[in-house]
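I opened my notebook beside the viewer for this one. Here is what I looked up, entry by entry.

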Protein chains: 2
Amino acid sequence: MKRLLSMAMMVLAVGAAPKPMGTGDVLRASKPSDWRAIAPDNLLVMTLPAGRVVIELAPQFAPLHAANIRMLAREHWFDGTTINRVQENYVTQWGDATEKKPLGSGAKTLTPEFDRAAAGMPFTPLPGTSGYGREGFSDSWPTVEKNGRAWLAHCYPMVGAGRNDTADSGPGSELYAVIGQAPRHLDRNATLIGRVVQGMEHLTSLPRGTGDGLGMYETAAERVPIAALRLATELPEAERPHLEVLRTDTPAWAAYVDARAHRSRDGWFVADAGFVDLCNIRAPIRETKR
Amino acid sequence: MKRLLSMAMMVLAVGAAPKPMGTGDVLRASKPSDWRAIAPDNLLVMTLPAGRVVIELAPQFAPLHAANIRMLAREHWFDGTTINRVQENYVTQWGDATEKKPLGSGAKTLTPEFDRAAAGMPFTPLPGTSGYGREGFSDSWPTVEKNGRAWLAHCYPMVGAGRNDTADSGPGSELYAVIGQAPRHLDRNATLIGRVVQGMEHLTSLPRGTGDGLGMYETAAERVPIAALRLATELPEAERPHLEVLRTDTPAWAAYVDARAHRSRDGWFVADAGFVDLCNIRAPIRETKR
């Protein structure tokens with residue numbers, strides 16, 4: 001006992017290491033420079049009866065899709081289209097239910113953007129290993145790197161472009177959001193174009209569809225109308241979302257990942273997993289004053 | 001070219017290896033003995049306005065909780081209680097909103113059953129590694145094994161027993177279901193008592209609550225009434241669910257896991273992950289004729 005006391009006093013004398021932080025501590029201690037503003041040119045605002053769904057585009061991974069979706073949004077193409085599919089623990093999908101609405105100036109189809117060169121991409125790997133590849137975050141996006149290629153992971157609440165049987169059959173006019181457990185088998189099988197950054201609950205709390213075993217809404221009455229889908233740059237200043245995401249190339253992010261893997265620092269928890277998997281962690285997003 | 005032809009003819013001559021099966025092929029080829037019936041003594045049927053939610057208990061992992069929940073169900077304790085919390089991408093939780101309803105013959109609290117001895121437990125590990133431990137399936141349950149202990153994983157759609165700040169503060173009278181990305185940090189922090197085997201959509205498509213940042217329903221009007229929660233053994237034969245789950249100690253299961261890791265066998269898919277993580281695979285469940 002005496003020895004233990006002596007050791008404790010030594011620690012006090014030389015200065016104890018800082019107490020490891022919990023997730024809340026990390027965010028409270030973060031500096032303004034730990035966050036990046038989401039550019040309005042990368043923000044889509046979709047208006048549903050229940051409220052607004054805000055989507056951030058990922059042009060670093062899907063530049064062709066981002067450009068085409070911006071064009072469709074500028075031409076108000078999505079206005080009057082509908083949510084046509086809600087499949088339990090899988091996806092909510094929207095677009096033109098008839099699949100016949102002309103695409104205006106938009107491309108009829110696009111080269112798939114299932115992955116990109118890993119070279120030149122910012123990347124902060126997570127500790128630990130995964131069977132899917134080397135996992136981590138690139139500019140706050142959940143990312144996998146393998147054999148010189150990199151791709152976005154199908155984590156909740158990522159948004160992708162639907163396609164038909166051929167790989168190049170989607171122009172970004174039909175979009176889906178991941179609403180449940182990350183369907184990682186979709187990685188590199190569809191182009192992820194972004195993620196929902198606000199209003200996800202308006203996509204997840206919808207009734208599930210019953211058609212084709214795929215959650216399709218079988219009647220027009222079930223479909224949820226999209227009043228408008230706009231680029232934030234087109235909205236009046238007062239209606240624009242002002243959002244920031246925690247940067248993933250900072251010590252604050254490293255501390256956040258560490259805190260997510262050691263939740264017993266957050267009270268209530270009694271056991272630590274000592275690990276956190278890619279889709280069980282997300283770069284925090286916050287609203288800023290205007 | 002000639003050499004390739006010769007090799008192909010050799011394969012034909014000696015008999016080609018069977019074509020690897022997709023997920024649908026595996027299930028179609030399964031034999032009756034590849035499935036186990038879910039015992040009615042382990043089945044709970046919860047009646048909500050939208051329909052029935054059927055839960056399978058896991059007494060191999062939580063025998064005390066299973067016994068107490070059976071007793072509460074037999075005494076119709078849950079009847080008239082409510083769903084009180086729906087937190088986006090996390091949990092739907094139900095029980096007595098007042099937290100004052102007497103527990104009848106039920107225990108006031110139970111020893112936590114966060115994990116159990118791994119010895120003597122049936123276990124079929126998944127290929128590959130995970131940072132959480134050695135992962136696999138035990139009698140069709142998603143399970144982690146580490147340092148001689150084993151525990152159920154918080155995958156969608158597992159059901160757990162809520163607790164307050166002390167580890168032993170939950171008697172199984174407040175239950176939650178995982179509705180989103182697996183919150184694996186809850187593993188070994190709460191007792192998982194089973195899983196939803198039917199009607200999960202009635203728990204996931206509810207409006208999200210707005211209270212305390214925890215998805216609590218803030219008014220009585222928001223709460224969803226539970227008309228009844230019954231053990232299947234107490235239901236008339238015509239109302240009992242008849243369900244089977246794919247056994248995970250069979251070659252059929254190994255083929256199913258392999259097919260889930262190689263989805264390009266299923267058409268549409270162009271890329272294989274070559275891997276599937278624990279919570280991205282579930283033992284299939286089917287309804288049987290009565």
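**Ground rules.** I am working with a predicted model, where local features need pLDDT of at least 70 and side-chain atom pairs count only at pLDDT 80 or more, while totals for chains, interfaces and linings use all residues. Residues are numbered from 1 along each chain as its sequence is written, chains are lettered from A and ligands numbered from 1 in the order in which they are written, and side-chain values use heavy atoms, with hydrogens and water left out.

**Interface.** I began with the contacts between the chains, taking contact as heavy atoms within 4.5 Å. I found 43 residues of chain B touching 43 residues of chain A. Next I looked up the buried area, meaning the accessible area (1.4 Å probe) that two parts lose on being put together, summed over both. Chain B and chain A bury about 3,600 Å² between them, with 49% of that on carbon and sulfur atoms. On the chain B side, Gln181(B), His185(B) and Trp268(B) lose the most area to chain A, together 21% of what that side buries.

I then sorted the chain B residues that touch chain A: 18 are nonpolar, 11 polar and 14 charged. In this sorting, Ala, Val, Leu, Ile, Met, Phe, Trp, Tyr, Cys and Pro are nonpolar, Asp, Glu, Lys and Arg are charged, and the others, Gly among them, are polar.

How many salt bridges cross the interface of chain B and chain A? The rule finds 0, a salt bridge being a side-chain nitrogen of Lys or Arg within 4 Å of a carboxyl oxygen of Asp or Glu. For polar contacts I noted 24 residue pairs across the interface, both residues at pLDDT 80 or more. A polar contact is a pair of N or O atoms within 3.5 Å; within protein, one must be able to donate a hydrogen and the other to accept it, and residues adjacent in sequence count only if both atoms are side-chain atoms.

**Sheet of chain A.** Strands (E, at least two residues) and helices (H or I, at least four) are DSSP runs numbered from the N terminus, and two strands pair if DSSP finds at least two bridges between them. I read an open, antiparallel sheet of 9 strands in the order β14-β4-β5-β12-β11-β13-β3-β2-β15 of chain A. Strands β4 (82–86) and β5 (91–95) of chain A run antiparallel, joined by 4 bridges, and Ile83(A) stands opposite Trp94(A) there.

**Sheet of chain B.** I read the order β14-β4-β5-β12-β11-β13-β3-β2-β15 in an open sheet of 9 strands in chain B, with antiparallel pairing. Here β14 (224–225) and β15 (228–231) of chain B each have a single partner strand, so one side of each is left without a neighbour in the sheet. I also checked β11 (158–161) and β12 (175–178) of chain B, which pair antiparallel over 3 bridges; Gly160(B) stands opposite Tyr176(B).

Most residues other than glycine have a negative phi, and most peptide bonds are trans. I noted a cis peptide bond between Tyr156(A) and Pro157(A), with omega about -5°. Pro157(A) sits in the loop between β10 (149–152) and β11 of chain A. Glu99(A), not a glycine, has a positive phi of about 55°.
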